[in-house]
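Open the model in your viewer and keep the selection tool ready.

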Amino acid sequence: MFGYSMVQMVRANAHKLDWPLRESVLQLYKPFKWTPCFLHQFFETKLNNRKKMSVIIEFEEGCHEAGFQMTGQVLQKEKRSKLKKRFNKINCCSAEVTPSALHSLLSECSDIRKVYLNREVKALLDTAAEASHAKEVVRNGQTLTGKGVTVAVVDTGIYPHLT
């Protein structure tokens, strides 16, 4: 796999990249299957510097300030990449990065715990109700249906907690 530097980067840093982000980086290489080998390096260079991804960067506990500063310095050197928003309470920040900037971040910033693809996540409760036997709840001899009750659970998944 000559020239596939981002594939090698994903393999080396798999523990720091969430699954959807790993997949999106690897999908960038799908067209290389039908590209002549002598053009791979040229197209890979263009791809690494032009394709942008929106990510959430989680820092190690207690390293938010240092991690944010280092991330800002690394992204300042990279073209087409920038920090977007800082989330102090959850030890994260959002950024828009190119694949080469992602590689630089992972190799230069030791305070990064994990990098997530910034995407919409949906929860499907049709299987959860079945798995928890929610249709069979009986209290004081009466079957509880939940009719007329509204419940909302918002869990972004970016901060670990116990339930």
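Start by selecting V115, which touches K16, L17, D18, L21, V55, I56, I57, L102 and L106, leaving aside residues up to four places away in sequence. Contact here means heavy atoms within 4.5 Å.

Before moving on, note that this is a predicted model, in which local features need pLDDT of at least 70, side-chain atom pairs count only at pLDDT 80 or more, and totals for chains, interfaces and linings use all residues. Residues are numbered from 1 along each chain as its sequence is written, and side-chain values use heavy atoms, with hydrogens and water left out.

Together with V115, they touch the most other members of the largest nonpolar core, which has 28 residues. Such a core is a set of buried Ala, Val, Leu, Ile, Met, Phe, Trp, Tyr and Cys residues joined through side-chain atoms within 4.5 Å. Buried means under 20% relative accessible area, exposed over 50%, and partly exposed in between, with a 1.4 Å probe and protein chains only. At least two residues of this core come from each of α1, α2, β1 (53–59), α4 (64–77), β3 (92–97), α5 (99–108) and β4 (112–117). Helices (H or I, at least four residues) and strands (E, at least two) are DSSP runs, numbered from the N terminus.

Now select α5. Which of its residues are buried? They are P99, S100, A101, L102, S104, L105 and L106. That is 7 of the 10 residues of α5, so this helix is largely enclosed by the rest of the structure.

Move to helix α1 (residues 5–12) and helix α2 (residues 19–27), whose axes come within 9 Å and cross at roughly 165 degrees. Axes are lines fitted to C-alpha atoms, for helices over the stretch in contact, and angles run from 0 to 180 degrees between N-to-C directions. The crossing makes α1 roughly antiparallel to α2, a term for angles over 145 degrees. To see the contact, show M6, V7 and V10 in α1, which meet R22, V25 and L26 in α2.

Finish with two loops. R80, in the loop between α4 and β2 (82–87), has a phi near 65 degrees, a positive value in a residue other than glycine. R80 counts as partly exposed, at 46% relative accessibility. In the loop between β5 (138–139) and β6 (142–143) select N140, which also is not a glycine and has a positive phi of about 55 degrees. N140 is exposed, with a relative accessible area of 83%.

Conventions: Angles under 35 degrees count as roughly parallel, over 145 as roughly antiparallel, 65 to 115 as roughly perpendicular and the rest as oblique.
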